[in-house]
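The sequence and the structure come first, and the description follows.

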Amino acid sequence: MRQETIAIHAGNKTDEFTGAVVQPITLSTTFERMPDGSFREGHIYSRATNPNRASLENVLAKLENGVDAAAFSSGNAAGMAVFQSLTPGTHIIAPDDMYHGLRNQLKQLFEGILEFDFTNIDDTEVLNAHIKPNTGLIWIETPSNPLLKITDIRKVVAIAKKHNIKVACDNTFASPICQQPLNLGVDIVMHSSTKYFGGHSDVMGGALITAKDDEWWQKIRNVQVMGGAVPSPQDCYMLTRSIKTLPYRIRGHVSNAQALAEFLQQQPAVEQVLYPGLPSHPGHEVAKGQMNYFGGMLSFTLKDGPEAANRVINKLQLFTRATSLGGVESLIEHRATMEGPDTRTPFNLLRISVGLEHIDDLIADMDQALS
């Protein structure tokens, strides 16, 4: 099946008792045992399994072409499950431009438990120099947040395999419609499903999808079940419902982002536009080779510095000043002030999650804010 068909059918199950075409929400926390001691469909207790979560995990796995998926209550919970599954003392190599929530998680919660370096993974020489005997994981994020850096997934995987190192990829900015890292050799893919999977800024979740059902994956599953940071049946239902339109929503986001990026690139007040769909982007050729589409996220910097960024963001009318991304509405934020005092993001940078409004309206609004 193609992704459009997977998105609609892989997460749904017609109710066998009522014939309801849409799978109902199963709110029960516990499930009755049969006279022989077995459980209907294997569900025992909703922290471990739930019909709605099973449906969500099935469609997530199939969209990423993985063998299994685990759903969590947030993207941070999904990332933490990967880190918690590692043996204490394991060394992690992570990108220098990394989602600040997971970067801070490593720095604040795993200090003294795991070792980690944040470095330029895209530089082969630098990456090789950071590999240690206890390196067990390379974490990549492509496109990255918020600088839209592109990591050559195949190149990183090839280096990792030589040293028997696992590779995990944060695919949140791309979504499986734009990019499928498991097909390029990555071991595990992570998503904040709050973003494009949810698509409407009204449900929170996270997900991990694996290429193999191996010992490492079973450790992650154990963290999910024993830790209990799982989404509610309602959240699973909402995510599964939203995923049905994901392939078509993504195409709208991508089309609008490309057009907005091209417009911004021509504006005298704009210093640089960071969008992998532009030929001027340093990672454009790599992105062409590993992405189906270039995504709906972009950042740009202003020549007149932070003051200009503040002026523009406050003049916009259709772009909501808010964090997060992936919703149908366009969002814009001054990313550096969101990330805190140790941010590496330029203070003249604005990050945009390009929504599904008419592109002419978005461009007109941006035009008046920049003028």
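## Salt bridges and polar contacts between the domains

Three salt bridges are found by the rule across the interface of domain 1 and domain 2, in a model that is predicted. Asp 342 and Lys 107 meet through their side chains in a salt bridge, with an N to O distance of 2.7 Å, which lies inside the limit of 4 Å that the rule sets for such a pair.

Polar contacts between domain 1 and domain 2 amount to 15 residue pairs, counted where both residues have a pLDDT of 80 or more.

## Domain layout and interface

The chain is divided into domain 1, covering residues 3–241, and domain 2, covering residues 247–370. The centres of domain 1 and domain 2, taken over C-alpha atoms, are separated by 26 Å.

The size of an interface is often expressed as the accessible area lost when the parts come together. Here domain 1 and domain 2 bury about 3100 Å² between them, with 56% of that area on carbon and sulfur atoms. In terms of residues, 35 from domain 1 are in contact with 38 from domain 2.

## The largest cavity

The lining of the largest cavity is formed by Pro 95, Asp 96 and Asp 97, by Thr 119, Asn 120, Ile 121 and Asp 122, and by Glu 141, Ser 144, Lys 149 and Thr 151. Sorted by class, this lining of the largest cavity comprises two nonpolar, four polar and five charged residues.

## The second largest cavity

For the second largest cavity the volume is about 30 Å³, and the residues that line this cavity are Thr 172, Ser 175, His 191, Ser 192, Tyr 196 and Phe 197. The lining of the second largest cavity has two nonpolar and four polar residues but no charged residues, whereas the lining of the largest cavity includes five charged residues.

Notes: Residues numbered from 1 in each chain as written. Predicted model: local features only at pLDDT ≥ 70, side-chain atom pairs only at ≥ 80, totals over all residues. Heavy atoms only, no water. 1 Å grid on protein atoms, 1.4 Å probe; cavity = no way out; pocket = protein on both sides within 12 Å on 5 of 7 lines; lining within 4 Å. Nonpolar A, V, L, I, M, F, W, Y, C, P; charged D, E, K, R; others polar. Points joined across faces, edges and corners; volume = space filled by probe spheres on them. Domains from an automatic or database assignment. Contact = heavy atoms within 4.5 Å. Buried area = accessible area lost by both parts, 1.4 Å probe. Polar contact = N/O pair within 3.5 Å; in protein donor to acceptor, adjacent residues only side chain to side chain.
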